[in-house]
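Please look over the structure below.

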Amino acid sequence: MLVNYFKIAIAVLKRRKFFTFISIFIISFTITILVVLAAFIDKVVNDTYPDRNRSRLLYITKFEESGPQSMNSGALSFYYLNRYVKTLKRPARIAISSRPQGTNTYVNNKKISINYKYTDAAYWEVLDHDFLEGKPFTAQQLANGERVAVISERLRKEYFGNAPSVVGQYIEADAVRYRVCGIMKSVPPSNYLFSGDLFLPYTVAKTDIASSKDYRGNFICVLEAPTRADVPAMKAEYEQMAARLPMTNNQYTHIYTHADSYLNAYLRSGNEKKSGMRIVSTVVTIFVLLVMLLPAMNLVNINVTRIMERSSEIGVRKAFGASSKVLAGQFIIENLILTLISGLVSVVLSLIALQLINRANLLNDLHLSLNFNVLLVTLLACLVFGLLSGAYPAWRMSRMQVINALKAS
Amino acid sequence: MFRHLFKLMWNKKKQNFLLMTEMFVSFLVVFAVMTISVYYYGNYRKPVGMDYENVWVVNYSNPLKTDNKDSIWLFYEALQRTVKALPQVREVSFTTSNVPFASATIMNGVGHKGRMISNINWYNVDDNYQRVLDLKLLEGRWFNKQDAVAPVKPVVINATLREELFGNEPATGRQYGDDKQSRVIGVVQDVKMKGDYTVAGRAVYNRTDTASLGGMEKMLVRVTPDANLAFEGRLYKTISTALKTANVEIEHLTDKRGSMNNMSLMPMIILSIVAGFLIINVALGLFGVLWYNINKRRAEIGLRRAVGATGRSVSLQLITEALILSTFSVIAGVFFAVQFPLLNVFDLPAMVYVAAIVLSVLFIYLLVLICAFYPGRQAAAVYPAVALHED
């Protein structure tokens with residue numbers, strides 16, 4: 001039965017090559033756009049470098065104080081992390097890092113822009129960076145205030161060129177010389193929580209980071225639970241602690257701060273009233289709907305036209321007792337076959353598109369790829385598309401009166 | 001003839017419903033792209049209002065520990081002298097984080113004549129700011145030392161704010177605000193601080209006093225055109241030696257302008273690519289359906305030719321039919337598009353929407369014309385004998 005449908009479908013596709021071309025073009029381009037979008041989202045959501053054990057981690061990135069008149073939001077202060085977060089019982093380890101700041105260095109008649117961050121030693125244990133050379137700095141080095149630095153592969157290439165080994169050499173940044181202790185694989189800027197070029201122990205910061213007694217400051221923090229099962233309890237413990245925080249200023253009435261899963265932390269806007277998650281999902285949904293709606297309508301249009309062409313075939317089959325259901329089923333299956341063929345074409349197109357995007361290097365170190373998740377999305381998109389554009393024409397066709405259908409020829 | 005064709009298409013409205021919906025949605029997509037393009041283009045044509053070539057921004061964080069305002073003041077003056085003494089430096093100015101082409105924005109509002117004017121960009125500047133950025137004075141003067149002792153706070157405003165406060169009259173010497181707290185001493189031309197594709201908006205410049213020193217975290221340095229990388233390294237050394245506890249970064253305004261422009265163009269480019277793809281899509285579909293429909297009407301066309309219609313008039317009829325069909329969609333589309341200026345949805349000038357609507361209507365008609373052209377030509381080539389014979 002299915003084999004027959006398949007044969008008929010191929011025969012029909014061959015008959016009007018121009019229409020077949022239009023249909024395949026439309027479907028495969030639409031799916032390509034969706035696949036590129038999915039690859040991008042997949043890169044952001046599922047790229048677990050350097051935070052590989054995400055299921056055991058919670059991220060604290062924002063602290064909001066708000067009152068009826070005023071609202072202030074930012075990252076966390078070093079004081080707050082030490083005084084409140086580090087006293088939590090549940091987390092096995094706590095990693096802190098400052099938000100990136102920019103500086104320059106001038107070497108060999110070249111200017112290099114550097115994003116640097118201050119971290120603690122636990123940062124290198126909680127997050128699993130790939131080290132190409134050397135190793136991270138230790139808690140002892142941090143405590144001694146040694147001027148050591150972990151640098152990214154990108155910075156190594158720009159600063160040292162093709163020197164064989166640079167561990168132990170000095171890098172000058174921000175007018176200070178640091179000894180390179182390790183070189184890590186670069187984190188793409190899409191993972192903005194952890195990307196950076198130069199990582200320094202927080203004890204070498206030029207300013208006294210511990211002096212401010214505000215809650216808000218320049219640090220973010222990652223909590224690691226001993227096991228996956230402890231994560232909800234750890235989250236609850238943090239929220240309880242946050243609920244008991246005293247207000248620093250009488251113009252504020254509320255404090256909002258959350259220990260989030262990765263995606264929530266990634267999208268948190270820092271304003272409790274504007275959920276970043278909601279904004280992003282709305283934009284993505286509207287985009288996907290728009291991208292799918294017009295081509296689907298277009299296909300319905302073409303399919304309706306093409307089905308009318310086959311009215312004699314429908315008439316004959318109906319006259320010999322085929323039910324509307326069977327006929328509609330056949331047309332939907334034919335349409336799905338067409339969509340799946342286009343799906344194959346779109347995989348090729350997507351590979352080309354992703355290759356072009358990677359070549360263009362829109363964001364440093366960002367490499368999009370077609371992986372299993374994305375392929376799954378492609379398949380799903382094909383099915384939805386096939387059903388979306390096949391259902392209405394099939395329904396219209398199945399309602400055709402036998403007399404009319406036969407008369408038309 | 002139009003009435004007749006109109007009736008013909010209206011009678012077939014159920015059959016053509018999908019086609020019309022498709023054109024309607026394409027109209028809305030084109031309208032969105034056109035609105036942004038017209039808006040950007042309008043902004044792009046306005047002058048930048050400053051000279052950003054050879055101006056560098058020095059970012060430094062949190063340099064001083066003392067709370068004594070006078071010693072901070074002295075420190076900044078000494079720093080300015082040191083930097084200005086460098087051979088390739090022409091002018092130095094201290095300001096807040098909202099330097100040109102930076103994402104930081106500081107805004108406030110003012111009550112004037114019983115209404116609230118909000119979203120006024122607020123700049124804390126010193127006496128050299130105008131010379132560093134080469135702002136164009138339209139009237140009055142820039143700040144100088146005497147302003148420190150002025151009884152009413154002196155401010156410089158931009159042309160947009162002048163128009164909102166005082167209409168077209170000169171503003172120099174006048175006070176504004178419900179409690180008359182500011183006195184205008186000069187008006188500068190609008191400056192597009194956020195890149196070439198954005199509006200300047202309202203702006204007020206305040207002279208830095210000892211109370212506002214805490215937020216001065218950027219330095220603008222105008223250098224001579226021959227200032228090279230070696231000099232930049234020297235400037236960097238000089239500043240980081242003077243600001244021992246600060247992290248220092250030097251950026252060029254030309255680079256910042258580039259990345260700011262990319263930021264505003266990026267959504268536009270993505271939207272255009274998607275819209276372009278959708279339009280190609282619709283065009284192909286439209287072409288296919290029109291071609292098919294015309295092929296189905298060969299008998300009708302043959303009959304018309306047989307009773308004397310020329311090939312030209314036949315193809316004209318088919319093209320006109322397609323255009324009338326799109327008129328239904330365009331009317332529906334314009335109805336929705338007109339709501340944007342009427343309800344003032346995105347705070348854009350009404351002219352932008354009007355221009356966008358006109359362009360979108362033209363675009364849709366052009367698209368339909370192109371798609372109907374070939375099928376129309378084909379229909380004109382029908383031989384009556386052959387067409388009628390088939391029946």
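In strand β10 of chain B, Val221(B) is the bridge partner of Trp56(B). Met219(B), also in β10(B), is the bridge partner of Phe94(B). The model is predicted: local features need pLDDT of at least 70, side-chain atom pairs count only at pLDDT 80 or more, and totals for chains, interfaces and linings use all residues. Residues are numbered from 1 along each chain as its sequence is written, while chains are lettered from A and ligands numbered from 1 in the order in which they are written.

Stay with β10(B), residues 218–223. Strand β1 (residues 55–60) of chain B runs antiparallel to β10(B), joined by five bridges. Strand β2 (residues 89–95) of chain B is antiparallel to β10(B) too, with six bridges. Strands pair if DSSP finds at least two bridges between them. Strands (E, at least two residues) and helices (H or I, at least four) are DSSP runs, numbered from the N terminus. Five of the six residues of β10(B) are buried, so the rest of the structure largely encloses it. Buried means 20 or more other C-beta atoms within 10 Å of a residue's own, exposed means 12 or fewer, and partly exposed lies in between; C-beta atoms are placed from the backbone.

Now turn to chain A. Helices α2 (residues 17–46) and α11 (residues 324–360) of chain A pack at about 50 degrees, their axes 7 Å apart. Axes are lines fitted to C-alpha atoms, for helices over the stretch in contact, and angles run from 0 to 180 degrees between N-to-C directions. Residues of α2(A), including Ile27(A) and Val35(A), meet residues of α11(A), among them Leu338(A) and Leu349(A). The residues of this contact divide into twelve nonpolar, eight polar and no charged. Ala, Val, Leu, Ile, Met, Phe, Trp, Tyr, Cys and Pro count as nonpolar, Asp, Glu, Lys and Arg as charged, and the others, Gly among them, as polar.

The chains also touch. Chain B gives 31 residues to the contact and chain A gives 28. Contact requires C-beta atoms, placed from the backbone, within 7 Å. On the side of chain B, α7(B) has the largest share, ten residues.

Finally, check the backbone. Most residues other than glycine have a negative phi, and most peptide bonds are trans. Asp174(A), not a glycine, has a positive phi of about 55 degrees. Phe101(B) has a positive phi of about 60 degrees. The Tyr49(A) to Pro50(A) peptide bond is cis, with omega near 5 degrees.

How values were computed: Two residues are in contact if their C-beta atoms, placed from the backbone, lie within 7 Å.
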